[in-house]
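The following questions and answers concern a predicted model. Each answer sets a computed value against the criterion that it has to meet.

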Amino acid sequence: MPEAFPRRGDDADPAETRAARKRAIRMRLIEHTAARLFAERGYEAANFEDIGAAVDMRGTSLYYYFSSKEELFLRCMEHAAAEVFPRLRDIARSEGPPLARLRAMFREEVVITLREYPEFIPLFLKVRVPIEALERRRRELRREQTAIFREVVDELDGRAASDRPRPTLNLALGGMALVGEWYDPEGELSVEGFADEVSLTLVRMFAPRTEFEARVEN
């Protein structure tokens, strides 16, 4: 994950360091605000004027930080990946049975999506972007996310691994894309309770086949 602030060297000018720190903070604010507007309005409808107004700036002032809307959207995606992927990777490489870690990863992403970074899913899966370079980079980031989950799926023993082809993981991640629409903040379940139920449902797809499944397949 990129550092939020540049490191200060022994010969760093204090004024320059403060300016760099202030710039980094402002860029993060713009990125988070732009990500929310891109998620709400779509790529084409969100513009610099609206984004600037949301952070109490003139739209033209954003060009001091980002050369174009294309660059800003790219930075939003990169920053979202830098926020989320390391957390999933830490769980994937932790101790414990693969199914337990896989469930914990699904649960973590549900909580992130609903509480901490609701723009994450729209940026990666829902917002239509009519620029091939951005779509190509988005596909790369999706593959990186899938690869993190795949690390754990490939550890599953016996039937759990051999009988569950790659579409199973694709289906699970596709389901994750809808959690923002499924969850009712006014309902009985808390975010954590909902995350528990969703993660348990998804991880069952990777468990060994039941007798019923075997009969259906035969």
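**Helix packing and burial**

The axes of helix α4 (residues 98–116) and helix α8 (residues 166–176) cross at roughly 25 degrees and come within 11 Å of each other.

Q: Why is α4 called roughly parallel to α8?
A: Angles under 35 degrees count as roughly parallel. The axes cross at roughly 25 degrees, and therefore α4 is roughly parallel to α8.

Q: What is the hand of the crossing of α4 with α8?
A: The crossing in which α4 passes α8 is right-handed.

Q: Which residues of α4 and α8 meet?
A: From α4, Phe106, Glu109 and Val110 meet Ala172, Leu173 and Met176 of α8. Of the residues in this contact of α4 with α8, five are nonpolar, one is charged and none is polar.

Q: What span is expected of helix α6 at 1.5 Å a residue, and what span does it reach?
A: Helix α6 (residues 132–153) has 22 residues, and the expected span is 32 Å. From its first C-alpha to its last, α6 reaches 31 Å, close to that expected value.

Q: Which residues of α6 are buried?
A: The buried residues of α6 include Leu134, Leu141, Ile148, Phe149, Val152 and Val153. Glu135, Arg138, Gln145 and Arg150 are also among them.

Q: Why does His79 count as buried?
A: Buried means under 20% relative accessible area. His79 has 9% relative accessibility, so His79 counts as buried. His79 lies in helix α3 (residues 69–92). Leaving aside residues up to four places away in sequence, His79 touches Arg28, Glu31, His32 and Tyr117.

Technical notes: Residues numbered from 1 in each chain as written. Predicted model: local features only at pLDDT ≥ 70, side-chain atom pairs only at ≥ 80, totals over all residues. Heavy atoms only, no water. Axes fitted to C-alpha atoms, helices over the stretch in contact; angles between N-to-C directions. Helix = DSSP H or I, 4+ residues; strand = E, 2+ residues; numbered from the N terminus. Parallel < 35°, antiparallel > 145°, perpendicular 65-115°, else oblique. Left-handed = near helix turned anticlockwise from the far one by under 90°. Contact = heavy atoms within 4.5 Å. Nonpolar A, V, L, I, M, F, W, Y, C, P; charged D, E, K, R; others polar. Expected span 1.5 Å × (residues − 1). Buried < 20%, exposed > 50% of the residue type's maximum accessible area, 1.4 Å probe, protein only.
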